[in-house]
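Hi everyone, thanks for making time this morning. Please have the viewer open on your screens, and we will walk through one chain together.

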Amino acid sequence: MTPLNLGDLATEARNPRSAGLDSMDTERVLELMNDEDQTVALAVRQALPQIAKAVDLIANSLRAGGRLVYLGAGTSGRIGLLDAVECPPTFATDPHQVTALLAGGVGAFVQAVEGAEDDTAAAARDVDGLEIGPHDTLVGIAASGRTPYVIAGLRRARERGAATVAVACNTGSLVGREAGVAIEVETGPEVLTGSTRLKAGTAQKMVCNMLSTAAMVRVGKTYGNFMVDMRPTNDKLADRALRIVASATESDDATAARAMAEAGGRTKVAVVMLLADVDADQADDLLRHGGGSVSAAIVAAAG
């Protein structure tokens with residue numbers, strides 16, 4: 001049974017290992033934090049079956065032209081927004097394809113908006129404002145698992161026919177009850193009592209990394225372990241894109257550079273050009289018929 005009182009949640013409990021935190025020397029404080037952080041990955045691993053179900057929902061949404069939408073308040077919302085804004089440069093997604101709703105609005109990313117996490121009406125308005133529907137997947141994130149804004153947002157998204165996922169750091173969570181898939185990572189008491197930006201925040205970041213990255217792998221945004229859909233929008237990324245093309249095709253830098261130029265700077269097209277021995281237009285056609293997958297495009301070219 002889910003505790004109704006915040007103080008009864010595992011994430012709010014006092015950690016006996018850090019009871020004397022203020023009397024420890026600096027190195028001991030850091031050792032203790034590091035020890036506790038090492039438990040997070042193991043806790044996330046226990047939730048992998050649920051994370052896998054969520055990835056499949058998200059991938060289905062993206063294939064259908066829908067969106068991945070994160071929704072949260074405070075640290076949880078900021079983690080979702082952080083993951084969303086990294087998708088366009090990494091996977092060449094449209095900025096609206098992976099997006100986030102943050103209680104209190106985007107301004108709450110840099111400055112706390114008091115009371116926003118309790119505003120259930122705003123959550124429904126935010127979901128309606130994005131016109132979230134059957135092709136979309138909404139991921140509600142709440143360390144406590146009982147944030148009113150997240151509960152209301154999940155409920156409204158479900159009413160509108162969207163697939164829903166909850167990410168919480170307590171089991172039997174209220175947000176989990178509102179979602180089709182409940183990802184509940186038991187991170188336990190924090191070193192600093194109730195400061196869920198610590199282990200709980202780390203767990204949420206790990207889960208969001210998994211959700212977006214694995215979903216993008218599933219929809220053909222990678223070739224092997226190369227991010228072939230990345231956008232070379234600055235010198236560092238242009239260098240990375242060139243190295244990706246050269247490594248993925250086992251070509252020298254000059255050959256990779258020529259392919260990138262002929263492909264108009266599109267990494268994925270350049271890779272297909274070299275691997276399938278075709279020009280840019282033919283590579284485009286192969287990718288289009290292969291659903292954007294480099295592997296499928298190469299198979300099609302060979303057949």
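This is a predicted model: local features need pLDDT of at least 70, side-chain atom pairs count only at pLDDT 80 or more; totals for chains, interfaces and linings use all residues.

Residues are numbered from 1 along each chain as its sequence is written, and side-chain values use heavy atoms, with hydrogens and water left out.

So, the overview. The secondary structure comes to 12 helices and five strands; these are DSSP runs numbered from the N terminus, with helices being H or I of at least four residues and strands being E of at least two. The C-alpha trace spans about 65 × 50 × 35 Å along its principal axes. How much of the chain counts as buried? The answer is 46% of the 303 residues. Here, buried means under 20% relative accessible area, exposed means over 50%, and partly exposed is in between, using a 1.4 Å probe and protein chains only. I will also talk about contacts, meaning heavy atoms within 4.5 Å. Among contacts between residues at least 6 apart in sequence, 65% join residues at least 24 apart.

Now the pocket. Rolling a probe the size of a water molecule over the atoms shows where empty space is left. On a 1 Å grid over the protein atoms alone, a pocket is an open set of points where a 1.4 Å probe fits, with protein on both sides within 12 Å along at least five of seven lines, and lining residues have an atom within 4 Å of a point. Grid points are joined across faces, edges and corners, and the volume is the space filled by probe spheres set on the points. The largest pocket has a volume of about 560 Å³. Which residues lie nearest its centre? They are Ala73, Gly74, Thr75, Glu117 and Thr147, out of 27 lining residues. Helix 3, residues 74–91, gives the most to this lining, with four residues. By type, the lining divides into 11 nonpolar, nine polar and seven charged residues.

Please find Leu102 next, in strand 2, residues 98–102. Leu102 counts as buried because its relative accessibility is 7%.

Let's move on to helix 9, residues 253–262. Ala256, Ala259 and Met260 are buried there. They sit on the same side of helix 9, because they cover an arc of only 100 degrees around the axis, where the arc is that of the directions from the helix axis to the C-beta atoms. Ala261 and Glu262, on the other side, are exposed. Helix 8 and helix 10 are among what covers the buried residues. Asp252 caps the N-terminal end, with a side-chain oxygen 3.2 Å from the backbone nitrogen of Ala254. After helix 9 comes Gly264, with a positive phi near 70 degrees.

Helix 11, residues 280–289, has Ala280, Ala283, Leu286 and Leu287 as its buried residues. Their arc is only 120 degrees, so they too share one side of the helix. Which residues are exposed on the other side of helix 11? Those are Asp281, Arg288 and His289. Cover for the buried ones includes helix 9, helix 10 and helix 12. Gly291 follows helix 11, and its phi is positive, near 65 degrees.

Last stop: His135, in the loop between helix 4 and strand 3. Is His135 buried or partly exposed? At 49% relative accessibility, His135 counts as partly exposed. It touches Ser61, Ala64, Gly66 and Arg67, leaving aside residues up to four places away in sequence.

Conventions:
Ala, Val, Leu, Ile, Met, Phe, Trp, Tyr, Cys and Pro count as nonpolar, Asp, Glu, Lys and Arg as charged, and the others, Gly among them, as polar. A polar contact is a pair of N or O atoms within 3.5 Å; within protein, one must be able to donate a hydrogen and the other to accept it, and residues adjacent in sequence count only if both atoms are side-chain atoms.
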